Amino acid sequence: MLKITAIGNLTNDVELKMNETTGKPYAILRIASDRRYKDKSGNRLTDFISIKVRAERCAEFAWKGCKLAAFGDFETITFENEPERQPGFLIKASDVEFLSPRKVEETAQELEDESVREVAA
C-alpha cells in the first residue's frame with residue numbers, strides 16, 4: 001500500500017457531488033504545488049494533484065487559493081469512455097488538514113452570531 005501526503009493550494013472552490021451507490025457526499029479537489037527547483041530556463045514548475053475527499057467539511061472550510069494538506073492512499077484511475085486517454089492518479093484522502101486561516105469575514109460573522117446567542121441567553 002502506498003501512502004501519500006500532498007500540500008498545495010486549492011485551484012477551485014469545492015463542489016460537492018453525491019455517490020450514486022452510497023448516497024454520501026464527496027468532492028474531487030485539485031491542488032497546485034510548486035516544486036522546489038526550477039527548470040533549465042529558470043521557470044518554476046508546478047504539479048497539479050487531484051484528491052478525492054468524503055467530507056462536507058471541505059465545502060465549509062476550503063476555498064480557491066487556500067492551502068491544505070491531504071493524507072491518503074494512491075489510486076490509479078482509468079477512463080473507460082476514453083480508452084486513448086492515459087491513466088492518471090489521485091489521492092483518496094483519509095485526512096485533510098486546512099493550513100490557511102479562516103477567512104476574516106467568516107470569523108467575524110461567527111463571533112457576531114456567538115455574541116447574539118449569549119445576549120439571547
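Okay, ground rules. Residues are numbered from 1 along each chain as its sequence is written, and side-chain values use heavy atoms, with hydrogens and water left out. Since we're looking at a predicted model, local features need pLDDT of at least 70 and side-chain atom pairs count only at pLDDT 80 or more, while totals for chains, interfaces and linings use all residues.

So, confidence. pLDDT is the predictor's own confidence in each residue, running from 0 to 100. The chain averages 83, with 84% of its residues at 70 or more. When I say helix or strand, I mean DSSP runs numbered from the N terminus: H or I of at least four residues for helices, E of at least two for strands. A contact here is heavy atoms within 4.5 Å.

Now the strands. I call two strands paired if DSSP finds at least two bridges between them. β5 and β6 are antiparallel over 10 bridges; F74 has I91 in β6 as its bridge partner, and F71 has D95 in β6. β1 and β5 are antiparallel too, joined by seven bridges, with K3 opposite D73 in β5. Then β4 and β6 pair in the parallel sense over two bridges, and K52 sits opposite K92 in β6.

What about the largest nonpolar core: how many residues does it have? It has 18. By nonpolar core I mean buried Ala, Val, Leu, Ile, Met, Phe, Trp, Tyr and Cys residues joined through side-chain atoms within 4.5 Å. Those with the most contacts inside it are L10, V14, L29, I31, I51, V53 and L68. β1, β3 (25-38), β4, β5 (67-77) and β6 (88-98) each give two or more residues to it. Take I31: leaving aside neighbours within four places in sequence, its contacts include I7 and L10, I49 and I51, and L68.

Last one, S50, in strand β4, residues 44-53. Not counting residues up to four places away in sequence, S50 touches I28, L29, R30, F89, L90 and I91.

Methods. Buried < 20%, exposed > 50% of the residue type's maximum accessible area, 1.4 Å probe, protein only.
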